[in-house]
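Morning, everyone. I have one structure to walk you through today. Let me put it on the screen.

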Amino acid sequence: MPIIEQNTVSAKKGKGEIFITHLLTPKEMIDKCFMFAKVTIPVGASIGVHKHVDTNETYYLLQGTATYTDNGKIYAVKAGDTTFCADGDTHGIENTGDEDLIFIALIINAK
């Protein structure tokens, strides 16, 4: 399957740039999902803490280690871990390791 779309973005007031490879098109997600993608965060970069409104988000970590912020609480996470941010909650993630942090991100419409 070819890569649908690849973006480089500065995410949610985080540090540095992140790389998003979309795995499905909006049409394929049939308005049920906002995003299904592979996300790469270089060493020292992050997705800033942000609130989810009308969506929830799951990360499945494939490579690396990070600090994950979940509603103000901070956790160490690593490859093989799964995180979940419910509608109305806040989260963010920072690559604190010595290699790229790579994970699958799924944002589902909550309404």
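Start with Phe-103. Its relative accessibility is 0%, so Phe-103 counts as buried. Buried here means under 20% relative accessible area; exposed means over 50%, and partly exposed is in between, with a 1.4 Å probe and protein chains only.

A word on what you are looking at. This is a predicted model, where local features need pLDDT of at least 70, side-chain atom pairs count only at pLDDT 80 or more, and totals for chains, interfaces and linings use all residues. Residues are numbered from 1 along each chain as its sequence is written, and side-chain values use heavy atoms, with hydrogens and water left out.

Now the rings. Searching the whole structure gives two aromatic pairs. Rings of Phe, Tyr and Trp (its six-membered ring) pair if their centres lie within 6.5 Å; planes under 30 degrees apart are stacked, over 60 edge-to-face, the rest tilted.

Take Tyr-59 and Tyr-68. Their ring centres are 6.1 Å apart and their planes sit at 80 degrees, so this pair is edge-to-face. Tyr-59 is buried, at 1% relative accessibility. Tyr-68 is buried too, with a relative accessible area of 3%.

Then Tyr-59 and Phe-103. Here the centres are 4.3 Å apart and the planes at 40 degrees, so the pair is tilted. This pair links distant parts of the chain: Tyr-59 is in strand E5 (residues 55–63), Phe-103 is in strand E10 (residues 101–109), and 44 residues separate them. Strands (E, at least two residues) and helices (H or I, at least four) are DSSP runs, numbered from the N terminus.

Put together, ring pairs link Tyr-59, Tyr-68 and Phe-103 into a cluster. Tyr-59 also touches other residues, among them Ile-47, His-50, His-91 and Ile-93. Contact means heavy atoms within 4.5 Å.

Which residues touch the most other members of the largest nonpolar core? They are Val-39, Ile-41, Ile-47, Tyr-59, Ile-93, Leu-101 and Phe-103, out of 19 residues. Strands E2 (18–22), E3 (33–41), E5, E6 and E10 each supply at least two residues of this core. A nonpolar core is a set of buried Ala, Val, Leu, Ile, Met, Phe, Trp, Tyr and Cys residues joined through side-chain atoms within 4.5 Å.

Next, the sheet. Four strands form an open sheet in the order E4-E9-E6-E7, with antiparallel pairing. E4 (46–51) and E7 (73–78) are the edge strands, and each pairs on one side only. Two strands pair if DSSP finds at least two bridges between them.

Go across it. E4 and E9 run antiparallel, joined by four bridges. E6 and E9 pair in the antiparallel sense over five bridges. Strand E6 (residues 65–70) and E7 are joined by six bridges and run antiparallel. In that pairing, Ala-66 has Val-77 in E7 as its bridge partner.

Last stop, Thr-90. It lies in strand E9 (residues 90–95). Buried or exposed, or in between? Thr-90 has 23% relative accessibility, so it counts as partly exposed. Thr-90 is the bridge partner, in E9, of Lys-51. Beyond its neighbours within four places in sequence, Thr-90 contacts residues including Val-49, His-50, Thr-69 and Cys-85. Asn-71 is 19 residues from Thr-90 in sequence, yet their C-alpha atoms are 5.0 Å apart.

That's the tour. Over to you.
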